[in-house]
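I opened this notebook to record what I looked up about charged and aromatic side chains. The entries follow the order in which I went through them.

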Amino acid sequence: MAITEGLDGVRRELDRLDRKVVDLFEPGLPPEAVRSRLDAAPDELIAWFGWADGTHAEEDQTVDDASFIPGYVLVSLDEALEFRDAVEVEADGDTYWLPLLVSPAGDFYAVAWTAHEGIVQVWSYVDGAPDQTDYPDMERMLRTFVESYRTGAFEVDDEGYLDMHPELAERVYDAINRA
């Protein structure tokens, strides 16, 4: 599964659930625009920001309206760079990192890369959680999201909000990322 196929898969699931965010994705950036802003940008990030450059914000919009996965919004390259500059993350001197999805609480999904190795880590950070969740690569992170929607680990609750069932989400994660 290529990055754009994974993003398209999440979009299809959001569309199936009639989520407003489907109409809020901003147009993607050309590859040169991503490369000029990110040192040694790997192809996966060029594809990610080429697919959509964040989520359009509207007046009176809730986080739920804009959620790509429950509680997390797809951020633009500008927002990602701003967030990165405001958050301290331990990294080796030759490692770059960037958030891809951010929650209002400051939790995030991010990717780290080096000029020589490409992507070296994909993870989610939740403040107060004992451990971070690691993904082998961006494709499996996206596959985890798609399967979470398909299995009901991510679903719309009785009040119309996008919700997550932690136990089911963990089973989906394990099946895809620990195999």
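Entry on a charged pair. I began with Arg-16, which forms a salt bridge with Glu-13, the closest N and O atoms being 2.7 Å apart; I count a salt bridge when a side-chain nitrogen of Lys or Arg lies within 4 Å of a carboxyl oxygen of Asp or Glu. Both Arg-16 and Glu-13 sit in helix 1 (residues 3-16), three residues apart, about one turn of the helix, where helices are DSSP runs of H or I with at least four residues, strands are runs of E with at least two, and both are numbered from the N terminus. Glu-13 counts as buried because its relative accessibility is 8%, the classes being buried under 20% relative accessible area, exposed over 50% and partly exposed in between, with a 1.4 Å probe and protein chains only.

Entry on sources. I am working with a predicted model, in which local features need pLDDT of at least 70 and side-chain atom pairs count only at pLDDT 80 or more, whereas totals for chains, interfaces and linings use all residues. Residues are numbered from 1 along each chain as its sequence is written, and side-chain values use heavy atoms, with hydrogens and water left out.

Arg-140 and Asp-137 form another, their closest N and O atoms being 3.5 Å apart, and here Arg-140 is partly exposed at 26%, as is Asp-137 at 26%.

Entry on aromatic rings. Rings of Phe, Tyr and Trp (its six-membered ring) pair if their centres lie within 6.5 Å, with planes under 30 degrees apart called stacked, over 60 edge-to-face and the rest tilted. The count comes to 16 aromatic pairs. How are the rings of Tyr-135 and Tyr-173 arranged? Their centres are 5.3 Å apart and their planes stand at 85°, so I recorded the pair as edge-to-face. The pair links distant parts of the chain, since Tyr-135 is in strand 6 (residues 133-135) and Tyr-173 in helix 7 (residues 166-177), 38 residues apart. Both Tyr-135 and Tyr-173 are buried, and they belong to one aromatic cluster that also includes Tyr-72, Tyr-109, Phe-145, Tyr-149 and Phe-154.
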